[in-house]
Amino acid sequence: MIFITIRTKYSNTFSAGRRYVPATVILGAQWGDEGKGKAIDQLAANSTWAVRFQGGNNAGHTVVYGDTTLKLHQIPSGISSQHCSMVLGDGMVIDPWVLEEELDRWYQLSGERPEGKRLFISERASVILPFHRLYDSADKVVGTTGRGIGPAYRDRIERVGIRFADINNIVDDVEYLQNTTKRMNGQLESVGVKPSIEWEKLQSDLKWILERYSDSIKPTGLMVDFALKNDENVLLEGAQGAMLDIDQGTYPYVTSSVTCRANATHGAGIHAGHVEQCFGITKAYTTRVGNGPFPSELSLEEGPGMHMAKVGNEFGTTTGRPRRTGWLDIVALKESNRLNGYSGLVLTKLDVLGGLDEIKICIGYEMEGKLLHMMPTTSVELAKCEPIYETHPGFEAMTETEWIEMANKSRVENIGFGALTQDMLNYVRRIEKLSGIPIVSIGVGPDRDASIASIGGPFDI
């Protein structure tokens, strides 16, 4: 599918008589792992820029086309569209070594070296160093990926972190490097990790980063702003999901950045007035990786929870950790919409539910005898919540080929969701009614072609 940005009444005037094409935001509407990679890949086909605005290599996006499966961690999913320039934005924390591994894999697959040509690193983004990974390894509570993301963001907030723009100014400052490694080793010792950072090694690492990425490190906020002023389509790509937002999510079991719409433009280095549409990506059920409360969680050992995990291949792209599974949580989805104001939902993995006799939707919680239709603020309270379900008939399982045939029929005959069976369609419409958000596309498999768009919607071409 090719995404076409809808240009409506948006007008943001920076100079007399000029109109600008709005940017489009794509966000995870749950706890991450919703299938954003596929949706972003589809949208990138008609975008000239794809910008990651937050997070680091704790994220994982998978793009499947034909026999090719591309797993990304920091590079925007737009990489498979050769006309699309990519930005690792101001709001990111970037691991240069992991980035090199990703770029090498892309080179082996495509023969392209995009860095400095159509892949650019924000000079304002923070550098993840070996110290950050070592410090992160001490976490035993939140269940982080251990990739150093949290410690890198902490250093940014404490104003001691190193941005890509700073490297050239500090790389030969021995006093600065010695003081920095002294601080790092003291912090490692405080969490029970053997101090092991030497200033000479830090200097060597920084010199390598400059040598490896000097052509890619740019003032990307200015570049994206200029692109918008030249009527180019810009896609702002989020990582993780709304329920993992550091401010609005299920704290403390959250990621270390603002994952919601409000940070999309800020983390890209442009102003919020550029955004007109924001699409949320949600599975037809719910998953969660790591620790934290999950009211609609099911057992992975048996029944529907095991079915979702097995059929949906629910293992993290970045870590390989099994994802916890559960029924679709409308309370969480409505909370996500309150924070982001979705123009529409992309419902993924409807095919995974095929073969279940019945399908449930969590429509509320009961906590200590009280009926709740909003998420409580604290994780302690959320952990006490019992789900309230409504039950719907299941639908039969189909092969991947049959799902793609259904999607193709939808396109060829221009019938949109009319290609679905009645039980599937009833489930989709019920989600729309309960959430209050129109569904604009339905994923029925990992392949690019395994999507069904609503007639006249933004994914309908």
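Hi everyone, let's start with D33, which is partly exposed because its relative accessibility is 23%; that label covers values between buried (under 20% relative accessible area) and exposed (over 50%), with a 1.4 Å probe and protein chains only. Before going on: this is a predicted model, where local features need pLDDT of at least 70, side-chain atom pairs count only at pLDDT 80 or more, and totals for chains, interfaces and linings use all residues. Residues are numbered from 1 along each chain as its sequence is written, and side-chain values use heavy atoms, leaving out hydrogens and water.

Back to the backbone. Most residues other than glycine have a negative phi, and most peptide bonds are trans. D33 is not a glycine, yet its phi is positive, about 65°. You'll find D33 in the loop between β1 (23-28) and α1 (36-44); helices (H or I, at least four residues) and strands (E, at least two) are DSSP runs, numbered from the N terminus.

N414, also not a glycine, has a positive phi near 55°. Its loop lies between α13 (400-412) and α14 (422-435), and at 47% relative accessibility N414 is partly exposed.

Where is the cis peptide bond? It joins Y251 and P252, with omega about 5°. P252 sits in the loop between β10 (234-237) and α9 (262-266).

Now, the cysteines. How many disulfides does a search of the whole structure find? The count is 0, taking a disulfide as a pair of cysteine sulfur atoms within 2.5 Å. For C260, the nearest cysteine sulfur is that of C278, 8.8 Å away. C260 is buried, at 5% relative accessible area. C362 is buried too, at 0%, and its sulfur is too far for a bond because the closest cysteine sulfur, in C385, is 9.0 Å away.
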